[in-house]
Amino acid sequence: MEELIKTNNPVTLSFVEALLKDAGIPYQSLDHNMSTLYGNTLNSIARRVLVDADCLERARQLLRDADLEKEADWSLGE
């Protein structure tokens, strides 16, 4: 699994998950329990969305098309 996006924004997280689900791309959302444990008071605990390596480029393109690549770390290197 490869990290697609890491965010503290619950709206962005929900939108990314909806995009992936609609596109049929399997994903995992991590760190939800840690951010809930601290009551979202610590913005340093971001939630991560991971996808299979063979779906990564397709998932990245979905984020580009939705104008979300600035939210993702991988956009900085491209």
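Good morning. The model is predicted, so local features are described only at pLDDT of at least 70 and side-chain atom pairs count only at pLDDT 80 or more, while totals for chains, interfaces and linings use all residues. Residues are numbered from 1 along each chain as its sequence is written, and side-chain values use heavy atoms, with hydrogens and water left out.

Let me begin with the overall layout. The chain contains three helices and three strands, and along the sequence they follow the pattern β-α-β-α-β-α. Here helices (H or I, at least four residues) and strands (E, at least two) are DSSP runs, numbered from the N terminus.

I turn now to the sheet. Its three strands form an open sheet in the order β1-β3-β2, with antiparallel pairing; two strands pair if DSSP finds at least two bridges between them. The edge strands, β1 (2-7) and β2 (27-30), each pair on one side only. From one strand to the next, the twist averages 20°. Between β1 and β3 (residues 47-51) there are five bridges, and Arg 48 in β3 is the bridge partner of Lys 6.

What lies across the three strands? Helix α1 (residues 10-23) does, running at about 145° to β1. Helix α3 (residues 56-65) also packs on the sheet, where it touches β1 and β3, and its direction makes about 30° with that of β1. These angles run from 0 to 180 degrees between N-to-C directions, with axes fitted to C-alpha atoms, for helices over the stretch in contact. Contact means heavy atoms within 4.5 Å.

Next, the interior. In soluble globular proteins, nonpolar side chains tend to be buried together. The largest nonpolar core of this chain has 15 residues, and Leu 4, Val 16, Leu 20, Val 51 and Leu 63 have the most contacts inside it. Such a core is a set of buried Ala, Val, Leu, Ile, Met, Phe, Trp, Tyr and Cys residues joined through side-chain atoms within 4.5 Å; buried means under 20% relative accessible area, with a 1.4 Å probe and protein chains only. Helix α1 gives the most to this core, with four residues. Leaving aside neighbours within four places in sequence, Val 16 is in contact with Leu 4, Ile 5, Val 49, Leu 63 and Leu 68.

Finally, confidence. The mean pLDDT, the predictor's confidence in each residue from 0 to 100, is 84 for the chain. Confidence is highest in α3, at 95, and lowest in helix α2 (residues 32-37), at a mean of 60. Where pLDDT is low, the predicted coordinates should not be read in detail. Thank you.

Conventions:
Buried means under 20% relative accessible area, exposed over 50%, partly exposed in between (1.4 Å probe, protein chains only).
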